[in-house]
Amino acid sequence: MTQVQDPPLTQAVGRPLDRVDGTAKTTGEARFAAEYSYPGLTYAAMAHATIARGRITAIHTEAALAVAGVLTVLTHENAPPMKKPPKPNPLNLSTMASGTRINYLNTDEVHWNGQPIAVVVAETLEAAREAAALVTAEYAVAKSTVDFKAEQGNAEPQPSTMLMSGSAKKGDAEAALAAAPVSVDLRYSTPPHNHNAIEPHATTAVWDGDRLTVHEATQGMDWVRRHLALKFGVPVAGIRVLAPFVGGGFGGKGSVWAGTVLTVLAAKVTGRPVRMLLSRESVYRTVGGRTPSVQRVALGADTDGRLTSLIHTSVTQTGSGGGGPEQVTSQSRHLYAAENILVQQNLVELDTVPNTFMRAPGESIGTYALEATVDELAYRLDIDPVELRLRNEPSVNPLDGKKFSHRLLRECYTRGAAEFGWADRTPEPGSMRDGRWLVGWGVAAAYHPSVQFTANLTVRLSADGSVLVRCGFHEMGMGGATAQAQIAADALGVPVGSVRVEYGDTDLPTGPLAGGSNQTATVAASLLTACDKLKRELAGLAKKHPGDSPPDILRAAGKPHLETSVGAESGLGAVAGQVRFMAKFVRDQRRWVKAASGAHFCEVRVDPDTGETRISRWTAVFDVGRIINAKTATSQLRGGIVMGIGMALSEETLVDPRSGRIMNPSLSEYHVPVHADIPPIDVHYLDEPDPTMPLGLVGIGEVGITGVAGAVANAVFHATGKRVRDLPITLDKLL
């Protein structure tokens, strides 16, 4: 990891400070959603449907009820009614909280293989899971569509919304492609992917009359609170959701899934605290993952490599019970200066578990197809792949001419090539060896849009010199509390050790959803505003009560502290805040294009006899604005690369095309990377601020994964001469 320049020792922002929660996590003091104990605590587990579509005609719970310790089995026959999830509304983002449209246990209809059909509540976790396995059902099976490959031809164009455009064009890209002196027109596919966070989904729910406390593994506490208030007909103010520590989210914990709702329901029915800790299999069965995709990318160019045409189309799936589109073509609207552009996203609805957000939705798989195609065009033109990208680097947004708020991708390519030693590459496929290993080098661009939501918070400066920041944001391992402590310390001129940050609780002022790489920038904007207000109040006090330091001024004024709020003091509710966000979002969209970007350089080694592929070296350079914490930023970027390596080489959810059942719902059969699969990863960043963002920072949680699969595929081709256009790149595809 390198920086352009170390910050002054008196400055907290930019320094590689340890996480403020590091001690709690390494000593076991930190408690997660399934680690809170209550008197009379019980345990719940789900039983799942074994058909893709139909109705339950009979459900058998006798064997489950006979298991020692079982208190009750809830099914559609005895579960109390709940309200249906609302229709999604972009002006009220909390309506998007529900992972599905299904009113669990209030219907006999089955929408996917794995849908919850019963919940067992027992005195022990072992009893609950044993009994859940004994619940069986009979069905009236209906015709289902579960085979993505077979249904691609039935896809329909994705409609455009305020949040996502389904299509866009400039000029006549098809005609320009046909007329281009050099062109490539290729098809790619990516499989479904499933979340495997280190902490599986978990909920602990406790009712006290109409008041509800929920310990939840979530990326969106306010969404959970509002969704549960609607489902159970209680005031939002009567629900408290706590999530001080979340063991990874990556999008899978951004929505409200069956486990959460049914745990709260079970606690309501039994009158006792209930905990549900999902097994890995239950996560696969009930929590959505990444949609599969089929993509077409076509590029036309003149003989000098200038793009005359760029076409990117996609087909992805949603579920009949929910799910949504992914912005697969997002990066293709912004990365290359093509004269003519056509992007189109298409959707097909299947009877499968609804898809959901997964790290860098859309761009993670979209950059794979785009960057592999750019590489193939470079070989057709006999132009170095880095040089081809530099020749087509735009000065304004290629689709509509908007200005970039900040873009230094050219510098990322140049520095990355130097750090990696790209000049030593021989261009011919199969020309580089190390003993028996074929060696290949690949490059790809990284790209992810930058967004900012709204956050309410309070800041208190006390006469003892301490600072308290209170905001209901989330900590999923990215070091959010540490970053905000650094920002507050510099804004108020106090040591970072004097700042305490409270988060992870809906009793605090409402923070943003932790998604879309927005949280640090969103909270920072409100925090800087609050600190400025606080300093103005302090300056006013100093006129009457002079002192050498803020604590001296407060003591002279006889005040134990000064406190100010942003958002919360004006009664700005979450819905009003979201309306304000949408207005700002639309305004910013019209003015400029904001994004994080970067360049990946990858070295692979392939055994020509077995097809075994090993990534041996990685260098990445990112333009992600100003760095708040050098240590946690590098960790986030490196973590995205690791996840991208899994997408490139091993990860694949296998779905039975006859029944729609996920066939590998466990870590023993769904292969995520382990330490032995990961090479040294050299991460660099430019540390140049984006002038349109608070402190110039740009989100970094997702950009790291984008482009990774493309870089690996390009390196594999350089090593072997074989193009793999269907992820993952496994042994059989190289033999």
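This is a predicted model: local features need pLDDT of at least 70, side-chain atom pairs count only at pLDDT 80 or more; totals for chains, interfaces and linings use all residues.
Local features require pLDDT of at least 70, side-chain atom pairs count only at pLDDT 80 or more, and totals for chains, interfaces and linings use all residues. Residues are numbered from 1 along each chain as its sequence is written, and side-chain values use heavy atoms, with hydrogens and water left out.

Helices (H or I, at least four residues) and strands (E, at least two) are DSSP runs numbered from the N terminus. Two packed helices are described by the angle between their axes and the distance between the axes. Axes are lines fitted to C-alpha atoms, for helices over the stretch in contact, and angles run from 0 to 180 degrees between N-to-C directions. Angles under 35 degrees count as roughly parallel, over 145 as roughly antiparallel, 65 to 115 as roughly perpendicular and the rest as oblique. A crossing is right-handed if the near helix is turned clockwise from the far one by less than a right angle, and left-handed if anticlockwise. Contact means heavy atoms within 4.5 Å. Ala, Val, Leu, Ile, Met, Phe, Trp, Tyr, Cys and Pro count as nonpolar; Asp, Glu, Lys and Arg are charged; the others, Gly among them, are polar.

On the H16 side, Ile641, Gly644, Ile645, Met647, Ala648 and Leu649 take part; they meet Val708, Ala709 and Val712 of H17. The residues of this contact comprise 8 nonpolar, 1 polar and no charged.

H9 contributes Tyr368, Glu371, Ala372, Asp375 and Tyr379, while H17 contributes Ala709, Gly710, Ala713, Asn714, Phe717 and His718. The contact of H9 with H17 holds 6 nonpolar, 3 polar and 2 charged residues. In the segment after H17 lies Pro728. The peptide bond from Leu727 to Pro728 is cis, with omega near -5 degrees.

Helix H12 (residues 480–492) and helix H13 (residues 519–544) have axes 10 Å apart, at an angle of about 25 degrees. H12 is thus roughly parallel to H13. The crossing of the pair is right-handed. From H12, Ala483, Gln484, Ile487, Ala488, Ala491 and Leu492 make the contact; their partners in H13 include Val523, Leu527, Cys531 and Lys535. By class, the H12 contact with H13 has 11 nonpolar, 3 polar and 1 charged residues.

A cavity is a set of points where a 1.4 Å probe fits but cannot get out; a pocket is an open set with protein on both sides within 12 Å along at least five of seven lines; lining residues have an atom within 4 Å of a point. Grid points are joined across faces, edges and corners, and a volume is the space filled by probe spheres set on the points.

The second largest pocket has a volume of about 670 Å³. Its lining comprises 40 residues, and Phe148, Pro192, Pro292, Thr653 and Val655 lie nearest its centre. Helix H4 (148–151), strand S9 (182–190) and strand S14 (293–301) each supply at least two lining residues. The pocket lining divides into 17 nonpolar, 15 polar and 8 charged residues.

The count of cavities of 30 Å³ or more is 9. The second largest cavity has a volume of about 90 Å³. It is lined by 14 residues, with His201, Thr203, Glu216, Trp257 and Thr260 nearest its centre.

Notes. On a 1 Å grid over the protein atoms alone, a cavity is a set of points where a 1.4 Å probe fits but cannot get out, and a pocket is an open set with protein on both sides within 12 Å along at least five of seven lines; lining residues have an atom within 4 Å of a point.
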